[in-house]
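Welcome! Here is a short briefing to read with the structure open beside you.

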Amino acid sequence: MSLDPVAAFRAHTGASATQIADLTVFLAMLTEANAVMNLVGPDSIPDFWNRHAWDSAQLLALAPEALTWADLGAGAGFPGVVLAIMLKDRPEAHVWLIDSLGKRCRFLQQVVDALDLPATVINGRAEEQDVEVEIVTARAVAPMEKLLAYAQPYFQHGAQGLFLKGEKAEAELKEAAKVWQFKSDLSVSRSDPRGRIVSVRSLRRVR
């Protein structure tokens, strides 16, 4: 007998009752906002706990000591809002949610305020921010070559990258290697075997 989605998420992550409650509020706010603006594909909302929440939260196991994160092109809040919820009780934890579109930032700010999250919403271009974090992340923002350009300032401050990608991740890395010099690892997403997580460090532009 399979677990219900919430129980499965709790089993995967060890989420507390408070974290589940926060994620449930987030889901309700996302569902309401998505009816009037396109934050996520509407067909994906019924699969929120796996496709969005677990997909995002799995990153924490890859950087368990990291407390400061920047989510580039934060959009609907994946992975950034989920990370902020899961890190909420850890002292010094903070997530920067960066997006260039004002209406998405207004939604993110509403969620941050409603849940009292350790997060800062920035309405602006990712590559123009001066933010020091341990991990820079993104999901469904751009191909790796472009994404690394957005992320370069964060790497210059010492960040490492954890990026949620699809089945074309390996091909994207090959293209990116024509422009960028970096070390990377590729792992299979735990939420969807078709997905990939790209870990990047030591980024610099090819001379």
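**A first look**

Phe163 stands opposite Val198 in β7. The model you are looking at is predicted.

- Strand β5 (residues 160-165) and strand β7 (residues 196-205) run antiparallel and are joined by 5 bridges.
- Both belong to an open sheet of 7 strands, whose order is β3-β2-β1-β4-β5-β7-β6 and whose pairing is mixed.
- At the edges you will find β3 (119-123) and β6 (180-188), each of which pairs on one side only.
- From one strand to the next, the twist averages 20 degrees.
- Helix α7 (residues 169-176) packs on this sheet, where α7 touches β5, β6 and β7. The direction of α7 makes about 175 degrees with that of β6.

**Helix α2**

- Helix α2 covers residues 17-34, which makes 18 residues. From its first C-alpha to its last, α2 reaches 25 Å, close to the 26 Å expected at 1.5 Å a residue.
- Several residues of α2 are buried, among them Ile20, Leu23, Phe26, Leu27 and Leu30.
- An α-helix has 3.6 residues a turn, so residues three or four places apart point the same way.
- The cover over the buried residues of α2 includes α1 (5-13), α3, α4 (80-87) and α5 (102-115).

**The aromatic rings**

- Searching the whole structure turns up 5 aromatic pairs.
- In one of them, the rings of Phe26 and Phe78 have centres 5.4 Å apart and planes at 45 degrees, so this pair counts as tilted.
- That pair links distant parts of the chain, with Phe26 in helix α2 and Phe78 in the loop between β1 (68-72) and α4, 52 residues apart.
- Phe26 and Phe78 are both buried.
- The rings of Phe48 and Phe78 have their centres 6.1 Å apart and their planes at 65 degrees; this angle is over 60, so the pair is edge-to-face.
- Here too the pair links distant parts of the chain: Phe48 sits in helix α3, 30 residues apart from Phe78. Phe48 is buried as well.
- Ring pairs connect Phe9, Phe26, Phe48, Trp49 and Phe78 into a cluster.

**Ser56 in helix α3**

- Ser56 belongs to helix α3, which covers residues 48-57.
- Is Ser56 buried or exposed? Ser56 counts as buried because its relative accessibility is 0%.
- Leaving aside residues up to four places away in sequence, Ser56 touches Phe78, Pro79, Val82, Leu83 and Leu164.

Technical notes: Residues are numbered from 1 along each chain as its sequence is written. This is a predicted model: local features need pLDDT of at least 70, side-chain atom pairs count only at pLDDT 80 or more; totals for chains, interfaces and linings use all residues. Side-chain values use heavy atoms; hydrogens and water are left out. Helices (H or I, at least four residues) and strands (E, at least two) are DSSP runs, numbered from the N terminus. Buried means under 20% relative accessible area, exposed over 50%, partly exposed in between (1.4 Å probe, protein chains only). Contact means heavy atoms within 4.5 Å. The expected span of a helix is 1.5 Å times one less than its number of residues. Rings of Phe, Tyr and Trp (its six-membered ring) pair if their centres lie within 6.5 Å; planes under 30 degrees apart count as stacked, over 60 as edge-to-face and the rest as tilted. Two strands pair if DSSP finds at least two bridges between them. Axes are lines fitted to C-alpha atoms, for helices over the stretch in contact, and angles run from 0 to 180 degrees between N-to-C directions.
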